[in-house]
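Colleague: Could we go through the aromatic side chains together? I would like to begin with contacts between charges and rings.

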Amino acid sequence: MIDADGQVILQPVYDAIGEFKEYGYATMQREGRVGMLNRLGEEIVLPKYDDIKILDSTLVAVMDQGEWQVLNLEGKLILKKGYEQVKVWDGRFIGYQKNRLWGISHKDGSIITEPIYDEIEWLSEKAFLVR
């Protein structure tokens, strides 16, 4: 990776670097493990996971041994490992699936409801449709 002046800002230490997406982050791979870089070439998430999914500008989901967990960009654990799927609604809520059932937490990881619903749909600022 080089800057606009042609100076190397990131030595070629990765097996692959993906495209920088809308939030300014790219996934990368080193020795079969994935992590995430910012536009300066700094490792935001260390390459120690099986897979990574950028959820929004402040949260990522990382897969370790087949289970997803959620971290913030400072590396703080928001939702512990153990989920089949995760997603963000309205930039404020995290949906997480365990044993094919969905639950909801606030973005800080505090639980609104345990995974007890077959489906959850975001309706508006204050409501979810649950089945």
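Colleague: Which ring does the charged end of K87 sit over?

Modeller: In this predicted model, the charged end of K87 lies over the ring of W102, at 4.7 Å from the ring centre.

Colleague: Turning to ring pairs, how many aromatic pairs does the structure hold?

Modeller: There are five aromatic pairs in the structure. One of them joins W89 and F128, whose ring centres are 5.4 Å apart.

Colleague: Why is the pair of W89 and F128 edge-to-face?

Modeller: The planes of W89 and F128 stand at 65 degrees, and an angle over 60 counts as edge-to-face.

Colleague: Where in the chain do W89 and F128 lie?

Modeller: W89 belongs to strand β9 (residues 85–89) and F128 to strand β14 (residues 127–130). The two residues are 39 residues apart, and their pair links distant parts of the chain.

Colleague: Is W89 buried or exposed?

Modeller: W89 is buried, as its relative accessible area is 9%. F128, by contrast, is partly exposed at 23% relative accessibility.

Colleague: And what about W122 and F128?

Modeller: W122 and F128 also form an edge-to-face aromatic pair, with 5.0 Å from centre to centre and 65 degrees between the planes. W122 has 21% relative accessibility and therefore counts as partly exposed.

Colleague: Which residues form one aromatic cluster?

Modeller: The cluster consists of W89, F93, W122 and F128.

Methods. Residues numbered from 1 in each chain as written. Predicted model: local features only at pLDDT ≥ 70, side-chain atom pairs only at ≥ 80, totals over all residues. Heavy atoms only, no water. Phe/Tyr/Trp six-rings, centres within 6.5 Å; stacked < 30°, edge-to-face > 60°. Helix = DSSP H or I, 4+ residues; strand = E, 2+ residues; numbered from the N terminus. Buried < 20%, exposed > 50% of the residue type's maximum accessible area, 1.4 Å probe, protein only. Lys NZ or Arg CZ within 6 Å of the ring centre and 35° of its normal.
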